[in-house]
Amino acid sequence: MKDVVGKPILRSFGFNTLAFGRITEQREEGPWVMVRVDWVEDWVDGQEWYKLANLMIIDKPALLNRVEKV
């Protein structure tokens, strides 16, 4: 299992809402990597475990480069 603790992430909620945070813990549950996130937004539950497959690890330089092209 690759260590992802400390990586910045984002998650989409609904059609037009993004939440940003940083991974604080990880564990394996069967075939899934589960993570806990310290969210920047107050409205997201930081005690919940999320499937890493449902989150996006942010590569900041690549993301900024893509946004600048829009």
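Two rings of Phe, Tyr or Trp, taking the six-membered ring of Trp, count as an aromatic pair if their centres lie within 6.5 Å. The model in your viewer is predicted, and a search of the whole structure finds 3 such pairs.

Start by selecting Phe 13 and Trp 43. These two form an edge-to-face pair, with 5.2 Å from centre to centre and 75° between the planes. Colour the strands to see where the partners come from: Phe 13 belongs to strand β1 (residues 8–13), while Trp 43 is in the loop between β3 (32–39) and β4 (49–51), so this pair ties together parts that are 30 residues apart in sequence.

Next, select Trp 39 and Tyr 50. This pair is also edge-to-face; the centres are 5.5 Å apart and the planes make an angle of 80°. Trp 39 lies in strand β3 and Tyr 50 in strand β4, so the contact ties together parts 11 residues apart in sequence. Are these two residues buried or exposed? Both Trp 39 and Tyr 50 are buried.

Now show Phe 13, Trp 39, Trp 43 and Tyr 50 together: they form one aromatic cluster.

Two stops remain, each with a charged residue and a ring. Select Arg 27 and Trp 49; Arg 27 lies over the face of Trp 49, at 4.0 Å from the ring centre. Then select Lys 51 and Trp 32. Here the charged end of Lys 51 sits over the ring of Trp 32, at 3.9 Å from its centre.

Definitions and conventions. Residues numbered from 1 in each chain as written. Predicted model: local features only at pLDDT ≥ 70, side-chain atom pairs only at ≥ 80, totals over all residues. Heavy atoms only, no water. Phe/Tyr/Trp six-rings, centres within 6.5 Å; stacked < 30°, edge-to-face > 60°. Helix = DSSP H or I, 4+ residues; strand = E, 2+ residues; numbered from the N terminus. Buried < 20%, exposed > 50% of the residue type's maximum accessible area, 1.4 Å probe, protein only. Lys NZ or Arg CZ within 6 Å of the ring centre and 35° of its normal.
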